[in-house]
Each structure stands twice: as C-alpha cells, then as structure tokens.
Amino acid sequence: MGNLLRLEWYKLWRDKTFYAVFGVTVLLGICISFDGHSVTGLQVMGAALHTANLLILPVCVFPGLFIGREFNEGTIYHGIEGGHSRLQVFLAKSVVFFAGCEVLMMAFPAANVLFHSLAFGFGESMSAEIALYLVKVAGIVAVLNAASMATGLLLGFLCRDVAKTIGISLFIFGILTFVLNLYGAKLSFLNVLIPMAAERLLMTEILPAASLWLILGSGAAWIVVLGAGAFFCFSRRTLQ
C-alpha cells in the first residue's frame, strides 16, 4: 500500500496538467478576491466561501485527467498485475485524488486570506470563540470540497474515459448551479444537502454546533456513498 501511495504521489507531482489546473484556479481566485470590496482577511474568506462553487469549475477537469486517462492508457491496472488488491489500488488512487483536489481548491484561498490578514488586518478582533469556529470551518470546508469532487471520483471509475468524465462533470456542475440559483433561496435544505452550496452558510453567521454537524455529516455521507459507487464500478471492471 505504501508503494502504491508513493507512486500516486509521484504521478501527481509530475503531472503538468495538475499545475495547469492549479494555475487556472489561482487566476480565478484572484478575480474573486480583488472585487473592490474584499480587503481584510475576513472579507476575503467570506468572498471565497460564498463563491466556492466557481473554484470547482476548473477542478472538474482533474478527475478526467488523473483517473480517466489511466484507464485509457491501462496504467491503473499495473498495481493489480503487481500483486496488489483492487481495494488497495483504489484507496491509493482515491487518497491522492482527494489530496490533489484539496490543494487545487484550498491552497490559494488560504494563502490569500493569510496575506490580506497580515497586510490589512483580519477585520475583527480575534477571540477564542472565533478562532475555534474558523478551525472548524476549515475542517468542514475540506470535507465539503472532497464531497463535491467525489462525483468526479465516481465518474472517473464509471466512465473510464477522459472526455466523458470531464464532460459529465461539467454538465453536473452546470445543473447543480442552475438548481441552486433558481431554488436555493426557496428550498433551504438544498444549501445543506449540496456540498458546494453548504460553504456559503459557514460565513453568514456563527452557526450552532448542531448545524455544523449536519453539514459535516451530509458531506461525509456523499463521500462514502459516491466512493462506494466508484469502487463498485472498479471492482466490476475486467483487466485490459
């Protein structure tokens, strides 16, 4: 398992398309941050969370390139042929996939919030309660990001093709964005049920612990369900 993880990390850091997608997310993050209103660290954080779904758009390309491409090339089966189980190969691929997604979606926003906080102040006097809440928010955002990209994980193992995985991922992103814009205000449960919408709730006010657990549980459930579906697709696939 350790060798598989090291191999997946090596492939991730050597993948030029990973850095290309990261560059796009950075440019998009800059456009979101420098809107003429976001100056302090708290304002930048609020803008990043409120428009977090926009950062998912370029990341939708990542599953097709990191997973779908390996089916096209047949390299994903090398681990199985080398004596590892399908579960080990799947877990190694999934762990590095989710880690890559977190880097793509959180590295620049976190650095940007830190920069603005140092340059212009955080925007509110820091207390133990606010600091603890921000730590909780960071953890929940990481889970929600993984939940959003779990769809890409499923599509990567289901479609086993670069173009199909990317195309369907973008289509689902468009549908969810349309539904949220149309019905998000009327059907408030969608903001908890759909991971990329739940992040908007985290900065509207300091949510009670019950609401945070509900959002966290919803995100974790998506990861488990979609991850199980992805492994089912992989386990049923014959070696080629």
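Reader: Which residues is Ser148 in contact with, leaving aside its neighbours within four places in sequence?
Author: Contact here means heavy atoms within 4.5 Å. On that reading, and with neighbours within four places in sequence set aside, Ser148 is in contact with Ile56, Pro195 and Met196. The model is a predicted one, in which local features need pLDDT of at least 70 and side-chain atom pairs count only at pLDDT 80 or more, while totals for chains, interfaces and linings use all residues. Residues are numbered from 1 along each chain as its sequence is written, and side-chain values use heavy atoms, with hydrogens and water left out.

Reader: Where is Ser148 found, and is Ser148 buried or exposed?
Author: Helices (H or I, at least four residues) and strands (E, at least two) are DSSP runs, numbered from the N terminus, and Ser148 is found in helix 8, which covers residues 128–159. For burial, the cut-offs are under 20% relative accessible area for buried, over 50% for exposed, and in between for partly exposed (1.4 Å probe, protein chains only). Ser148 has a relative accessible area of 15%, so it is buried.

Reader: How many helices and strands does the secondary structure of the chain come to?
Author: There are 12 helices and zero strands, so that reading along the sequence gives the pattern α-α-α-α-α-α-α-α-α-α-α-α.

Reader: Which residues have the most contacts inside the largest nonpolar core?
Author: The general idea is that nonpolar side chains tend to be buried together in soluble globular proteins. A nonpolar core is a set of buried Ala, Val, Leu, Ile, Met, Phe, Trp, Tyr and Cys residues joined through side-chain atoms within 4.5 Å. The largest such core has 38 residues, and those with the most contacts inside it are Phe62, Phe97, Leu153, Phe157 and Phe234. Helix 7 (residues 86–120) gives the most to this core, with nine residues. A second, separate core has 18 residues, including Val44, Val137, Val141 and Ile215.

Reader: What does Leu153 touch, not counting residues up to four places away in sequence?
Author: Leu153 touches Ile67, Phe90, Ser94, Phe97, Phe98, Gly227 and Ala230. Ala230 has its place in helix 12, and because its relative accessibility is 0%, it counts as buried. Leaving aside neighbours within four places in sequence, Ala230 is in contact with Phe90, Leu153, Leu154 and Phe157. The C-alpha atoms of Ala230 and Thr151 are separated by 8.9 Å, although these residues are 79 apart along the chain.

Reader: Where does Val137 lie, and which residues is Val137 in contact with, leaving aside its neighbours within four places in sequence?
Author: Val137 lies in helix 8, and its contacts beyond those neighbours are Leu49 and Leu202. Its relative accessibility is 4%, so Val137 counts as buried. From Val137 to Ile172 the separation is 35 residues in sequence and 26 Å in space, C-alpha to C-alpha.

Reader: Why does Glu8 count as buried?
Author: Glu8 is buried because its relative accessible area is 6%. Its place is in helix 1 (residues 2–13), where Glu8 touches Phe66, Ala92, Lys93 and Val96, not counting residues up to four places away in sequence.

Reader: What phi does Arg160 have?
Author: Most residues other than glycine have a negative phi. Arg160 has a positive phi of about 55° although it is not a glycine. Arg160 is found in the loop between helix 8 and helix 9 (162–183), and it is partly exposed, with a relative accessible area of 24%.

Reader: Where is Pro208 found?
Author: Pro208 is found in the loop between helix 11 (195–198) and helix 12 (209–235), and with a relative accessible area of 49% it is partly exposed. Pro208 and Gly23 are 185 residues apart in sequence and 36 Å apart in space, C-alpha to C-alpha.
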